[in-house]
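Please look through the following structure together with this briefing, which takes up a helix pair, some aromatic rings and one further residue.

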Amino acid sequence: MQKQSNIRILEILKYLYLRTDEDHPATVADIMEHLKGKGISTVRQTVYGDLEDLIAAGIDVVVTKSTQNQYFIGDRLFEYPELKMLTDAVASSKIISAEKTDELIQKICQLTSESGARQLRRLAAISSRIKPHNEKVYYIIDGIQNAILENRQIQFQYYEYTPEKECVLKHGGYRYKLDPYALEWKNDHYYLIGYSLKHQKIAHFRVDRLTSVENLETCFMPVEGFDVASYTNKMVDMFTSESSKEVTLLCENELMRVIIDHYGEDVPVERYDDGHFTAKIEVNPSGTFYGWI
């Protein structure tokens, strides 16, 4: 008897989570019909008691009083606008493959009602997004994170594209060895940042272009005082040159939003005249930087 009671109340909770929200409340008659379809017979008073037990247990079951009371789940772990932002981020990501995107969106959809899930799938619209073909990126990121946490060196190969769009290993398949410091998200891509033994300095690599990644047994000590945010802020579109320089930009006033978007609100600025201001930034002055200017 107790087992049947437990199954019944769990079925009611599942029904409320999947089928109800503010725009799709359910009556006790709806709940009883659902239970009947599951082979569970019950009466109204029992369902009323189960709903009261769920509320007493801390489940946010909202009751709309009327001739037939209506019930729906109120607060959830994620609100719909939050799930929409997460879905958009996954769908537009250039590092998550189409297959993995579908898989992640399905998981996100399980955090809301069936009605909300249908809206999320429709709004995702991933078919027109540019997606990578490297299905292993998801697992590469996990392996790199473990290496960072354990201060272990990694080894990998890096590929690029020829003018004929052919994917080829860089430097004839050279195996780079790196002390991994951080994974940084910039310009819709993940970048691996660390000390490169080949270059004998801090370098960065696009994660979706890594292959044959191997976590080594050898450990390393990070460079003292290295600041990931400071490093990435010096890079325009993550292209680099040999050394960084302090540069003063003379900008029209309406470009303040661009400077803040790229270098943050702490960037030193001064009023120059009524229509201009100056901003001091530290950058690696590559051709990409001058093109951005």
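Is F205 buried or exposed? At 5% relative accessibility, F205 counts as buried, where buried means under 20% relative accessible area, exposed over 50% and partly exposed in between, with a 1.4 Å probe and protein chains only. The model is predicted, so that local features need pLDDT of at least 70 and side-chain atom pairs count only at pLDDT 80 or more, while totals for chains, interfaces and linings use all residues. Residues are numbered from 1 along each chain as its sequence is written, and side-chain values use heavy atoms, leaving out hydrogens and water.

**Aromatic rings**

- A pair of aromatic rings is described by the distance of the centres and the angle of the planes.
- Rings of Phe, Tyr and Trp (its six-membered ring) pair if their centres lie within 6.5 Å, and planes under 30 degrees apart count as stacked, over 60 as edge-to-face and the rest as tilted; by this rule the count comes to eight aromatic pairs.
- The rings of Y158 and F205 have centres 5.3 Å apart and planes at 75 degrees, so this pair is edge-to-face.
- This pair links distant parts of the chain, with Y158 in strand β4 (residues 152-161) and F205 in strand β8 (residues 201-206), 47 residues apart; strands (E, at least two residues) and helices (H or I, at least four) are DSSP runs, numbered from the N terminus.
- Y158 also counts as buried, at 11% relative accessibility.
- One aromatic cluster is formed by F156, Y158, Y174, Y176 and F205.
- The charged end of K198 sits over the ring of Y174, 4.8 Å from its centre, which requires NZ of Lys or CZ of Arg within 6 Å of the ring centre and within 35 degrees of the ring normal.

**Helices α4 and α5**

- The axes of α4 (residues 80-92) and α5 (residues 98-109) come within 10 Å and cross at roughly 175 degrees; axes are lines fitted to C-alpha atoms, for helices over the stretch in contact, and angles run from 0 to 180 degrees between N-to-C directions.
- The two helices, α4 and α5, are therefore roughly antiparallel to each other, a term for angles over 145 degrees.
- Their contact (heavy atoms within 4.5 Å) is made by L83, L86, T87, V90 and A91 of α4 together with T101, L104, I105 and I108 of α5.

**Residue T46**

- T46 lies in helix α3 (residues 44-56) and, at 28% relative accessibility, counts as partly exposed.
- Although T46 and I9 are 37 residues apart in sequence, their C-alpha atoms are 9.8 Å apart in space.

How values were computed
Parallel < 35°, antiparallel > 145°, perpendicular 65-115°, else oblique.
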